[in-house]
Amino acid sequence: MFHWLEQRPFFFAVFVFVFVAFAGIIEIIPDFAKQSRPVVGTKPYSVLELTGRHVYIQDSCNACHSQLIRPFKSETDRYGMYSLSGEYAYDRPFLWGSKRTGPDLMRVGNYRTTDWHENHMLDPQSVVPGSIMPAYKHMFTNIADIETAYAEAYTVKTVFATPYDQDIDGDGEIDVPLGTLEEAKASALKEAQAIAADMKNQAVKDAVANGQVPEIVALIAYLNSLK
């Protein structure tokens, strides 16, 4: 067999390619599948956090901020633990990014507060002198679209078996409830009230008190979840 291949360079090259490709598949795919499984503690986004993620994408925050900490000391010193593939198990789409006009936000929830985000989104230069980031004042008056976020959560639960309404960590309690649309709205409003309580903007507080969720509240919920 080998003597026959040695006399035919083309078939020998094909044989080597197939052999290496097969070995690569056997070696890489199982490890890739294992690494892609959710990291312990990773949970799906709540409906309010998912709403904020929609605002994040809608306003193209991902065009200037990555969500991927590379395993280099300069990055881990600044942003924290490098990213693991299993941490993105419930992200659709991924917002890794490769261009950083602003800092990486993969773990911004570990070192920024609701108050900081409120001031930063309203007037970035007041928090970070010299910042080139524009203000996003419209987020304080625009009302977030909770229903679209619920529709996405319901879809990924049904199609991709994302574990909403499940006990993920085995403590006997549902970790991320979804329920019906009305239940999800009530849960999102309750979560929004907790965030608005830490904010100073009176118009935002009044809107939440009236049962509405401004985009800034949803966005802060999402940013606070990034850890």
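In this predicted model, E118 and K200 form a side-chain salt bridge, with an N to O distance of 4.0 Å. A salt bridge here is a side-chain nitrogen of Lys or Arg within 4 Å of a carboxyl oxygen of Asp or Glu. E118 sits in helix 5, and K200 in the loop between helix 8 (181-196) and helix 9 (202-209), so the pair ties together parts 82 residues apart in sequence. Helices are DSSP runs (H or I, at least four residues) and strands likewise (E, at least two), numbered from the N terminus. E118 is buried at 3% relative accessibility. K200 is partly exposed at 49%. Buried means under 20% relative accessible area, exposed over 50%, and partly exposed in between (1.4 Å probe, protein chains only).

The whole structure holds eleven salt bridges. One of them joins E75 to R100, with the closest N and O atoms 3.1 Å apart. This pair links distant parts of the chain: E75 belongs to helix 4 (residues 73-79), and R100 to the loop between helix 4 and helix 5 (114-122), 25 residues apart. E75 is buried, with a relative accessible area of 7%. R100 is partly exposed at 28%.

A further salt bridge pairs E147 with K185 (2.9 Å, N to O). E147 lies in helix 7 and K185 in helix 8, 38 residues apart. Both are partly exposed: E147 has a relative accessible area of 44%, and K185 one of 29%. Through shared partners, salt bridges connect R70, E75, R100 and D104 into one network.

Helix packing was examined for helix 3 (residues 47-58) and helix 7 (residues 146-159), whose axes come within 8 Å and cross at roughly 110°. Axes are lines fitted to C-alpha atoms, for helices over the stretch in contact; angles run from 0 to 180 degrees between N-to-C directions. The two helices are therefore roughly perpendicular; this class spans 65 to 115 degrees, with under 35 roughly parallel, over 145 roughly antiparallel and the rest oblique. Helix 3 contributes V47, L48, L50, T51 and H54 to the contact, and helix 7 contributes I146, T148, A149, Y150, E152 and A153. Contact means heavy atoms within 4.5 Å. By class, the contact has seven nonpolar, three polar and one charged residues. Ala, Val, Leu, Ile, Met, Phe, Trp, Tyr, Cys and Pro count as nonpolar, Asp, Glu, Lys and Arg as charged, and the others, Gly among them, as polar.

Residues are numbered from 1 along each chain as its sequence is written, and side-chain values use heavy atoms, without hydrogens or water. The model is predicted: local features need pLDDT of at least 70, side-chain atom pairs count only at pLDDT 80 or more, and totals for chains, interfaces and linings use all residues.
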